[in-house]
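Biologist: I'd like to learn how to read a model like this one. Can you take me through it, feature by feature?

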Amino acid sequence: MATTAATLESSDLERFRSETADWLREHAPPSIVGLTGTELDGNWGGRRAVFANDGMKQWLEVMGEKGWTAPDWPVEYGGGGLSPAEAKVLAQEMRGQRLPAPLIGFGLTMIGPTLLRFGNEEQKREHLSRVCRGEIRWCQGYSEPDSGSDLASLKTKAVRDGDDFIISGQKVWTSYADEADWIFALVRTSTLDKKQDGITFLLIDMDSPGVSVKPILLISGKSPFCETFFDEVRVPVRNVVHEIDAGWTVAKALLGHERSMIADAFGGATAGPPKKKGSRGRLVDLAAHYVGERDGQIADAVLRDQVAQSEMDTRCFGLTVQRARDAAKAGHQPGPESSLFKIYATELNQERHELMVRLAGPGALGWEGPGFADEELKLTRDWLRSRGNSIEGGTSEIQLNIIAKHVLGLPD
Ligand SMILES: Cc1cc2nc3c(=O)[nH]c(=O)nc-3n(C[C@H](O)[C@H](O)[C@H](O)COP(=O)(O)OP(=O)(O)OC[C@H]3O[C@@H](n4cnc5c(N)ncnc54)[C@H](O)[C@@H]3O)c2cc1C
């Protein structure tokens with residue numbers, strides 16, 4: 001009996017695979033096939049979205065309509081309602097046809113899963129389907145000028161006034177706040193003995209009067225971070241997620257999703273976007289270009305060994321991340337083990353970028369100007385960007401503290 005059920009199940013899945021492959025072939029615009037990296041800069045969605053090309057806009061619309069921007073979310077909230085096995089098949093087929101994700105961002109990876117768990121019915125209906133259709137871009141309002149690692153000391157104040165809260169204070173390092181439509185923020189609603197108590201998790205429309213954003217100019221000339229100011233901003237009490245004064249529980253759960261997302265992004269060997277046609281992956285392509293090849297192998301034995309080790313580590317990590325992702329799809333919420341993934345992903349990604357810079361030699365010394373190829377300029381900037389991995393989403397020291405306390409059970 002068991003064999004018959006299993007066979008039936010797998011034949012259903014095979015039918016789903018072939019229907020999915022046909023559907024993707026029919027609906028994916030040819031101009032999006034094989035797009036990767038910065039070519040996809042627009043697929044964060046939101047009111048200010050700038051798409052890589054018309055095809056990407058169309059791709060988001062058609063996938064959003066089908067619910068396949070969030071394949072395993074419930075249909076009533078705009079998702080695809082797929083089982084974990086079906087969602088995996090969809091991902092495999094998209095990768096096989098070299099189709100990029102139609103949408104990325106904090107809506108799908110952070111606030112969405114958090115609302116599915118902690119949001120009330122009205123919040124789920126209001127926000128999740130807009131996330132799925134890519135209509136709203138979210139940013140994260142956690143850090144403050146004096147509250148980073150010690151996040152629970154945050155001071156942005158929320159004072160109750162009838163059915164509203166009045167918010168005053170400042171957030172910092174708010175990634176892409178200048179392009180976001182909504183912010184999920186931690187605010188202080190009470191001052192209690194334990195600083196973790198008295199924090200509330202609030203959803204705030206960035207167009208509310210009194211919200212202002214000031215991009216922080218970095219040495220690169222870019223401004224991915226912002227200071228976000230709240231000057232007596234009126235926010236309805238119904239925008240509280242979970243309970244007033246109990247936002248710390250929600251905040252920690254969201255951080256679990258954030259750390260998993262960071263780990264997921266670097267587990268790229270199995271999970272990442274499709275490779276360019278004819279490419280053997282960025283690292284191997286770089287090594288072949290700068291070091292040269294002999295008998296089909298990278299010419300320098302030491303560098304060949306380092307490239308192979310990095311590829312193997314990335315591949316193994318990708319498979320581990322895949323296993324965690326399958327567990328998440330089966331309903332397991334990310335816990336303190338997401339700190340293990342985050343710290344490993346950080347080290348892997350930073351070492352990989354160090355290696356790429358070593359391979360490129362003087363080619364990785366460019367900042368701007370015609371003396372360097374675009375890929376070389378990107379290499380330098382990507383290497384510098386990777387330094388932030390050990391800070392964002394909680395620093396590596398903080399991850400080690402969490403692992404010591406909550407995974408290994410060591411005393412404070
Ligand atoms: C790329 C990037 C994107 C970010 N995006 C956002 C965002 O969108 N929204 C947002 O809210 N924040 C964001 N941040 C901010 C980030 O969460 C904070 O920078 C981080 O939590 C560290 O806080 P801090 O900068 O105040 O450093 P601090 O907390 O002041 O830490 C300074 C140093 O002291 C160490 N330290 C502090 N406490 C301890 C301790 N108890 N034990 C051991 N060592 C300790 C830290 O590890 C660090 O090395 C982003 C940061 C980066 C780099």
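Biologist: Let me start with a pairing: which residue in β7 is the bridge partner of Q170?

Modeller: The partner of Q170 is F229. Before going on, note that this is a predicted model, where local features need pLDDT of at least 70, side-chain atom pairs count only at pLDDT 80 or more, and totals for chains, interfaces and linings use all residues. Residues are numbered from 1 along each chain as its sequence is written. Helices (H or I, at least four residues) and strands (E, at least two) are DSSP runs, numbered from the N terminus.

Biologist: How many bridges join β3 to β7?

Modeller: Two strands pair if DSSP finds at least two bridges between them. Here β3 and strand β7 (residues 225-236) are joined by 7 bridges and run antiparallel. K171 also faces β7, standing opposite T228.

Biologist: What else pairs with β3, and in which sense?

Modeller: Strand β2 (residues 157-161) does, antiparallel, over 5 bridges. Within that pairing V159 has I166 as its bridge partner, and K157 stands opposite S168. The β2-β3 hairpin has 2 residues between the strands, and G162 takes a positive phi near 65° there.

Biologist: And which strand is joined to β7 by 6 bridges?

Modeller: That's strand β6 (residues 211-216), again antiparallel. K214 stands opposite E227 of β7 in this case.

Biologist: How do I read the two faces of a strand? Which residues of β3 are on the covered face?

Modeller: In a regular strand the side chains alternate between the two faces of the sheet. For strand β3 (residues 164-171), F165, I167, G169 and K171 make up the covered face, while D164, I166, S168 and Q170 make up the uncovered one.

Biologist: Which residues of α3 are buried?

Modeller: A residue is buried if 20 or more other C-beta atoms lie within 10 Å of its own, exposed if 12 or fewer, and partly exposed in between, with C-beta atoms placed from the backbone. In α3 the buried ones are A87, V89, L90, E93 and M94. Down the axis of α3 they fall within an arc of 155° (taken from the directions from the helix axis to the C-beta atoms), so they line one face of the helix. The general idea is that an α-helix has 3.6 residues a turn, so residues three or four places apart point the same way. Just after α3, R98 takes a positive phi of about 60°.

Biologist: Why is α6 described as largely enclosed?

Modeller: Because 17 of the 20 residues of α6 are buried, it is largely enclosed by the rest of the structure.

Biologist: Is S10 buried or exposed?

Modeller: Exposed: S10 has 11 C-beta neighbours inside 10 Å. S10 sits in helix α1 (residues 2-27). By contrast, V131, in helix α5 (residues 121-132), counts as buried with 29 such neighbours inside 10 Å.

Biologist: Where is Y176 found?

Modeller: Y176 is in the loop between β3 and β4 (182-188). Its phi is near 55°, positive in a residue other than glycine, and Y176 is buried, with 21 other C-beta atoms within 10 Å. D245 likewise has a positive phi, near 70°, but counts as partly exposed with 16 C-beta neighbours inside 10 Å. D245 belongs to the loop between β8 (240-241) and α6.

Biologist: Last one: which residues come nearest to the ligand?

Modeller: A residue is near a molecule if its C-beta atom, placed from the backbone, lies within 6 Å of it. Of the 19 residues around the ligand, Y142, G148, S149, E392 and T395 come nearest. β1 (138-141) and α12 (396-407) each supply at least two residues of that shell.
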